[in-house]
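These are notes for a colleague who is opening this structure for the first time. Please read the points below with the sequence and the model side by side.

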Amino acid sequence: MKRHHLGFALFAAWLCSLPLAADDGVFDQYRDLMGDDNPAVFVIDEGEELWFAPQGPESATLEACDLGLGPGVTSGAYVRFPRYFADTDAVMDLESRLVHCMTTIQGRDRETVTAKPYSLRGDFGTEIEALVTWLAAESEGAAIAPEQTHAAERAMYALGEEIFFYRAGPHDFSCATCHEQSGMRIRLQALPDLTSHSGAAEAWGSWPAYRMSQGLVRTMGWRLRDCFRQQRWPELKMGSEASIALQTYMAVNAAGGMMTAPGLKR
Amino acid sequence: MKCLTVGITIALSASMATWTKASDGIEAVLQNSFIANNQATMDRLERDAVQTACSAPRGTPLDNEMLAALREERLNAVVLPANGQYLGDWQRGAEVAGNGRGLQSSDDPTKPNGGNCYACHQLAPGEVAYGTLGPSLTGYGARGQSQAMLQYTWTKLWDTHAYNLCSHMPRFGAQGILTEQQLKDVMAYLLDPASPVNQAAE
């Protein structure tokens, strides 16, 4: 493991030393060099440990947490999100389902567990990020197959589509501004077309991802929040209806694609 | 901070119980899903006529008469430079074109906004980090500096919807993203024969 750490550090230093003009071609080469090695492996281990760690006033692990396939079933659970849960009568994404389990099973305070779901630059990662990373890895190689059987799940998709095209803010930006065409880029950053199956599958299937430039694993919840920051909108709340709707829109467009997360990104 | 997290908690609990109310209106959903952060305030979620007309998901039937009237309205609202002088300093314009900051919650509101032209357009051939969402503007100055060309380019920067309703481009003048002087500087960056935009690649 130590050797891995050093190797990643060297690669990271090399990558950061590249000029700004390092385009996706160079990054693809880098990704090939890395092969199956991804610094996210350490975050995966951490997430697994957290799942089995007794926490909260109940001193309970998350093993009783039902991610949709039954209590404690983690393999293949992530690719079915977002999905409807009868016990909360709501469509939930993985992040908000984890919060639900932390509060109901471990007896933890919702305010505390949702206070800081995503790391700031320079942090070492949060509990939510680690758990999501491990659970995504528990679905690695599985087909993306979000539920669309309950009326609430279909309503979430329709809402997500409506929000995707909603233009607002001083720059008139919507999600569609950057993500409704294929083969486009911002500066040198390639943009997936999230209205297409292939673009949505590539994007949805590769998050959470280890961001080399930030030295952190980022979740889809963070990715959406940061998109809205760049859209000049207010801040998207974790687990909010808009967040879950947009994730449903992406996941359903991606259905049938392969979950390759945790990904490795510039 | 406590208020903020309590707010999040309440909104989170509310959003879990109210999925059936999605049809109540997207505005209400958004009001419950976002929170103000620095200069990115909640009123930014309210749409004007252009934003509403241009938010139709793909395949939605469009009311072409309404759209034509809206475009005309935007054209009539364009404010041309007060002194009739369109061209500023291309060197300052280059800075505006390369600056992607401004109006984000993470930006310092006391610093000038950027135009971020390079995010979407190719301009000077020496800059390789350009986006492709908009057309290449390399060599734009070859179009000349006739009064019609100056006014056309100004209008495009001021309010793109005056010519191309529902274009992806921001309304740099009409929305107050750039100042009149910054717009003049960008005009010069595009049109001045000495600007790198109008030089051959090295």
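1. Chain B has 7 helices and 1 strand, and from the N terminus on its elements run α-α-β-α-α-α-α-α; helices (H or I, at least four residues) and strands (E, at least two) are DSSP runs, numbered from the N terminus. Of the 202 residues of chain B, 35% count as buried, where buried stands for 20 or more other C-beta atoms within 10 Å of a residue's own, exposed for 12 or fewer, and partly exposed for the range in between, with C-beta atoms placed from the backbone.

2. This is a predicted model, in which local features need pLDDT of at least 70 and side-chain atom pairs count only at pLDDT 80 or more, while totals for chains, interfaces and linings use all residues. Residues are numbered from 1 along each chain as its sequence is written, and chains are lettered from A and ligands numbered from 1 in the order in which they are written.

3. Chain A has 11 helices and 8 strands, and buried residues make up 49% of its 266 residues. Among contacts in chain A (C-beta atoms, placed from the backbone, within 7 Å) between residues at least 6 apart in sequence, 69% join residues at least 24 apart. In chain B, residues 24 or more positions apart account for 56% of the contacts with a separation of 6 or more.

4. Where do the two chains meet? The contact takes 49 residues from chain B and 47 residues from chain A. On the side of chain B that touches chain A, α1 (2-17), α2 (26-33) and β1 (34-35) of chain B each supply at least two residues, and α1(B) gives the most, with 9 residues. The residues of this side of chain B divide into 29 nonpolar, 16 polar and 4 charged, with Ala, Val, Leu, Ile, Met, Phe, Trp, Tyr, Cys and Pro counted as nonpolar, Asp, Glu, Lys and Arg as charged, and the others, Gly among them, as polar.

5. Strand β7 (residues 235-236) of chain A is joined to β1(B) by 2 bridges, and the strands run antiparallel; strands pair if DSSP finds at least two bridges between them. Within this pairing, A:Leu236 stands opposite B:Phe34.

6. Leaving aside neighbours within four places in sequence, A:Leu246 is in contact with A:Gly160, A:Ile163, A:Phe164 and A:Leu224.

7. In α3(A), the residues A:Ala40, A:Val43, A:Ile44, A:Gly47 and A:Trp51 are buried. Seen down the axis of α3(A), these buried residues fall within an arc of 105° (taken from the directions from the helix axis to the C-beta atoms), so they line one face of the helix. They pack against α6 (127-137), β5 (209-211) and β6 (216-218) of chain A.

8. Some backbone details deserve a separate look. A cis peptide bond joins A:Trp207 and A:Pro208, with omega about 0°, and A:Pro208 is found in the loop between α9 (197-204) and β5 of chain A. B:Cys166 has a positive phi of about 75° although it is not a glycine.

Definitions and conventions:
Two residues are in contact if their C-beta atoms, placed from the backbone, lie within 7 Å.
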